[in-house]
Amino acid sequence: MRAQEQEHVRSADGETVGGGRSPVGTTSDGGRRTLRRLGLFVLAFASGFAVLTIEIAGARMIAPVFGLSAVPWTAVIGVILAALAVGSHLGGRLADRGTVPLALILTLAGVTAVLPVLGGEVPWVARDVLGFIPGAVASAVLLFAPSVLCLGAVVPFLVQADTESLGTVGRRAGDLSAAATAGSIAGSFATGFVLLPLVPLPTLMAVTAVMLFVMAALAGRLLVGRVSDGSLVMAALAVGAVTWISDRPADSVVHREQTLYASVQVTERPWADGRRVRELWQNGGSSSAEYVDDGRPAHPYATASLDLLDDVLARAGSVLVLGGAALTLPVAFLERHPDLAVDVVEIDPAVTRIARTHFAAGKLPPDAMRVVHEDARVYLRATDRRYDVVYMDVFDHLLTVPWTMVTREAFAGMAARLEPGGLFVANVLSPLDGPGAAFLRRLRATLEDVFGETRFFLVTPEEDRRVTQNVIVVAGADEATLPAWSGEKASVPARGRAFTDEWAPVEYLQARVFMQGLGWD
């Protein structure tokens, strides 16, 4: 029986490769066999690269709907892993049967890789019909699973093609799996650090699809001995046409790009009051909004913050803004109080460049404010500067809370940067009642662990308390440091343990908002 099995898997020097005829003939030429093996490793490496490109770009593509919290990332990663598992399972059986060539599977991978380009409305529909978490999972299944499932079948085909005897099957499988993993590593770094900032997402997905068609051609050549070059060229041209059509921006889009940190878009359109507004969108959330005619803030929370802090800033000498976005709020501070020293910490230098190109910040002298491109926690730890006001505005999406900025340690770092009698202010998004309010209650408990007095103010008092809305948070050492503002206070009791760097279940608490339904107006 052992001799029969060895005869069945005989390959380069014999008649069969996994039960099928060798595509490279029966030559014993070592150079040709080496080139063939090199081609197999290229296919394994490229398949791993493509999987990580689809995964990372996929999370960015659904960010305008689901943000970049743990929820969409969990959905995308889980679906990708499930698709790989199923693809590997099916690929092994198809490779043994020999009825479906790998070239066809890779062609299907290329065709389905453009589904995210064509299905831009799928995440919106999925969220409306299924809800936030199920909608994120469904979007990942529909848009990304088909191509990754096909890619999961690649390694089993290659292992069979590379196996010359049962005595080497473990080594061959290990080497090819290592090549695919190396491709995934390269794909993660190249996509995250180079490709996302370099090209638009639809173009990136189309280039990935073209790469898969090229892999299909190579697989046909290596495993079958022939390839239909004309059909692959036509498929690549079709992908290019689809991308060109899908990548055309809407009339309201002034600028868009992928930065190292976010999907960024600048739009200009009339709002409900008839005035034209220019907005900066990051990962689908409106980070900044300015009226085009005068450059003043259009978001109600920004206007409320200006009114709340007007008397405070009239006496203050300095303010630190954590989260600059289009620099709309810092610019407004300076317009009301020209002698104020304003420092801004914005992690993304590309966003600052966009702010100075497309927003009112571009009209100010470059030295009117100091902008530091750094993570806020790192800056707070490294600087020895002190400020009269620290304003935190780092929620990067209506649905995303940067948990590292709402822990006891983070607030302690901000308190340490305040002058005696200084004021902490934050713009927070949350419902005030219902299961979704649990985050806001824990946030207050955390603040009270650091500051002596806290108050929460409503930005839109007429809003339903169960609806996600802007809440302005102020905190200081004692009641005398808090502003005397006529705005309506929000009755939010402190409840639960404080958030810490070791334990901050922010995503879980936000999921309660998602399950309840955002109710965003």
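Here is a short walk through some strands and aromatic rings of this structure. Keep in mind that the model is predicted.

Let us start with a sheet. Strands S3, S4, S5 and S6 make up an open sheet in that order, with antiparallel pairing. Its edges are S3 (253-258) and S6 (285-291), each of which pairs on one side only. From one strand to the next, the twist averages 15 degrees. Six bridges hold the antiparallel pair of S5 (residues 276-282) and S6, and here Val277 stands opposite Tyr291.

S12 runs antiparallel to S13 (residues 469-476), joined to it by six bridges, and Leu458 stands opposite Val471 in S13.

Now for the rings. The whole structure holds six aromatic pairs. In one of them, Phe439 and Phe499 have ring centres 5.9 Å apart and planes at 25 degrees, which makes the pair stacked because planes under 30 degrees apart count as such. Phe439 belongs to helix H19 (residues 438-450) and Phe499 to the loop between S13 and helix H20 (506-516), so this pair ties together parts 60 residues apart in sequence. Both Phe439 and Phe499 are buried. Phe457 and Trp485 form an edge-to-face pair, with centres 5.2 Å apart and planes at 70 degrees. Phe457 sits in strand S12 and, at 0% relative accessibility, counts as buried. Finally, ring pairs link Phe411, Phe424 and Phe451 into a cluster.

Conventions: Residues are numbered from 1 along each chain as its sequence is written. This is a predicted model: local features need pLDDT of at least 70, side-chain atom pairs count only at pLDDT 80 or more; totals for chains, interfaces and linings use all residues. Side-chain values use heavy atoms; hydrogens and water are left out. Two strands pair if DSSP finds at least two bridges between them. Helices (H or I, at least four residues) and strands (E, at least two) are DSSP runs, numbered from the N terminus. Axes are lines fitted to C-alpha atoms, for helices over the stretch in contact, and angles run from 0 to 180 degrees between N-to-C directions. Rings of Phe, Tyr and Trp (its six-membered ring) pair if their centres lie within 6.5 Å; planes under 30 degrees apart count as stacked, over 60 as edge-to-face and the rest as tilted. Buried means under 20% relative accessible area, exposed over 50%, partly exposed in between (1.4 Å probe, protein chains only).
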